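Subject: Handover of a structure and notes on what was found

Dear colleague,

Please find below the structure that I am handing over to you. I would be grateful if you kept it open beside this message while you read.

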Amino acid sequence: MNLDTLFEDKKKQVISFEIFPPKKGAALRDIDATLEILSSLSPDFISITFGAGGSAVNNKTIELAKKIKEVYHVEPVVHLTCLNYTRDEIRGMLDELKEAGIYNLLALRGDRSPDYEPKKEFLHANDLIRFIREQSGDFHICAACYPETHPEADSRAADLHHLKEKVDSGATHLISQLFFDNGDYYRFLEDAAIAGICVPIEAGIMPVTNKAQIERMTTLCGAHLPEKYRRIMHKFEDKKEALFDAGMAYAINQIVDLLTNDVDGIHLYTMNNPAVARRICEGIQNLV
Ligand code: FAD
């Protein structure tokens, strides 16, 4: 099924989950217990991240997407990065996806890595989106957006301009980078609307469960940490259970505010932790 009609029911806000494939050397079945719980929470879709390493790296993303569809009966969205792939490699993956009946993609450039030499056939996500559309009109294409501006962008205006290009090329649904201050997200929605971006946008929320995770994520994506958030994390950083409770409460608060303000959807970065997804879904079960 293609997710093109996902946002048609304006009364229902979309809830989706993101997971990553098992690490190198681990079996696909290692994630079964997690998928069992995630699927029981009935998300609108589950998206699966994709290593940016290129064809030399054994990506389990498509295999996992097939499993989510066939065994757990949840619609998968496959992340596809392009920087380190050739057109032929991407064409091969699109054929494999079609054969498996998977028509939902999150088209990404991918992060640069000193370990891999870009293939230089796709420079930006927009090149991938155009390529997918040329190959087939069957795919529902999502793209990434950045409420606090992508760290490499020349300016906020330039970033919004390139986001509009992605939509004009065929992305019909956007999913945001994680953020901790809803004010940043609302300002971004206003700016995106001014830039003429009219497709549904899901808000990316990462419930934090430990201190190392906060540090890693904020270094990676440069998300701004509000003072209130810093104080909570500082107070409970050495108490595992307390930090978990505080992280869940903060995320639920953020989501309640976002739902109240009629956002199109919430994309939960689950970090493959079913306890996180379960706690968040219980916290908002009567809201969506
Ligand atoms: P782009 O849209 O290409 O943008 C990258 C930068 O280039 C931006 O600064 C933009 O302003 C600029 N730009 C865009 N087009 C042009 C142009 N024509 N000319 C000049 N500048 C331009 N990474 C992974 O490796 N695997 C994943 O599975 C993954 N999943 C993600 C899921 C979500 C929801 C998000 C938000 C990010 C994800 N990422 C993932 C990270 C993503 O790959 C990085 O943020 C990457 O740095 C940018 O990807 P993009 O698709 O947004 O790139």
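The notes below go through the findings by topic.

Please bear in mind throughout that this is a predicted model.

Aromatic rings

The structure holds seven aromatic pairs. The class follows from the angle, because planes over 60 degrees apart count as edge-to-face. Both of these residues, F122 and F131, are buried. F122 has a further neighbour: the charged end of R87 sits over the ring of F122, at 5.8 Å from its centre.

Another of the pairs is formed by Y185 and F188, with 6.3 Å between the ring centres and 40° between the planes. Y185 and F188 both belong to helix 6, which spans residues 182-194, and they are three residues apart, about one turn of the helix. As a general point, an α-helix has 3.6 residues a turn, so residues three or four places apart point the same way. Y185 has a relative accessible area of 0% and is therefore buried. F188 is also counted as buried, because its relative accessibility is 2%. Together with F179, the residues Y185 and F188 form one aromatic cluster.

Helix 6 also contains G183. With a relative accessible area of 23%, G183 is partly exposed. G183 and L258 are 75 residues apart along the chain, and their C-alpha atoms are separated by 10.0 Å.

Helix 7

Which residues of helix 7 are buried? In this helix, which covers residues 211-221, they are Q213, I214, M217, T218 and C221. These residues lie on the same side of helix 7, because they cover an arc of only 115° around the axis. The face turned away from that buried side carries the exposed residues T219 and L220.

I201 is placed in strand 7, residues 201-205. Its relative accessibility is 5%, so I201 counts as buried. I201 and V263 are 62 residues apart in sequence, and 7.6 Å separates them in space, C-alpha to C-alpha.

I175 is found in strand 6, residues 173-178. I175 has a relative accessible area of 4% and is therefore buried. The C-alpha atom of I175 is separated by 6.3 Å from that of A143, and these two residues are 32 apart along the chain.

Two residues with a positive phi

Most residues other than glycine have a negative phi. K120 is not a glycine, yet it has a positive phi of about 65°. K120 is in the loop between strand 4 (104-108) and helix 4 (125-135). The second residue is N272, which is likewise not a glycine and has a positive phi near 60°. N272 lies in the loop between strand 8 (265-269) and helix 10 (274-283).

Are K120 and N272 buried or exposed? K120 is exposed, because its relative accessible area of 60% is over the 50% cut-off. N272 counts as buried, because its relative accessibility of 16% is under the 20% cut-off.

The second largest pocket

The second largest pocket has a volume of about 190 Å³. What lines the second largest pocket? Its lining is made up of K12, Q13, I15, L41, S42, P43, D44, C281, I284, Q285 and V288. By type, the residues of this lining divide into six nonpolar, three polar and two charged.

Yours sincerely,

A colleague

Note on methods
Residues are numbered from 1 along each chain as its sequence is written. This is a predicted model: local features need pLDDT of at least 70, side-chain atom pairs count only at pLDDT 80 or more; totals for chains, interfaces and linings use all residues. Side-chain values use heavy atoms; hydrogens and water are left out. Rings of Phe, Tyr and Trp (its six-membered ring) pair if their centres lie within 6.5 Å; planes under 30 degrees apart count as stacked, over 60 as edge-to-face and the rest as tilted. Buried means under 20% relative accessible area, exposed over 50%, partly exposed in between (1.4 Å probe, protein chains only). Helices (H or I, at least four residues) and strands (E, at least two) are DSSP runs, numbered from the N terminus. A charge sits over a ring if NZ of Lys or CZ of Arg is within 6 Å of the ring centre and within 35 degrees of the ring normal. On a 1 Å grid over the protein atoms alone, a cavity is a set of points where a 1.4 Å probe fits but cannot get out, and a pocket is an open set with protein on both sides within 12 Å along at least five of seven lines; lining residues have an atom within 4 Å of a point. Grid points are joined across faces, edges and corners, and a volume is the space filled by probe spheres set on the points. Ala, Val, Leu, Ile, Met, Phe, Trp, Tyr, Cys and Pro count as nonpolar, Asp, Glu, Lys and Arg as charged, and the others, Gly among them, as polar. The arc is that of the directions from the helix axis to the C-beta atoms.
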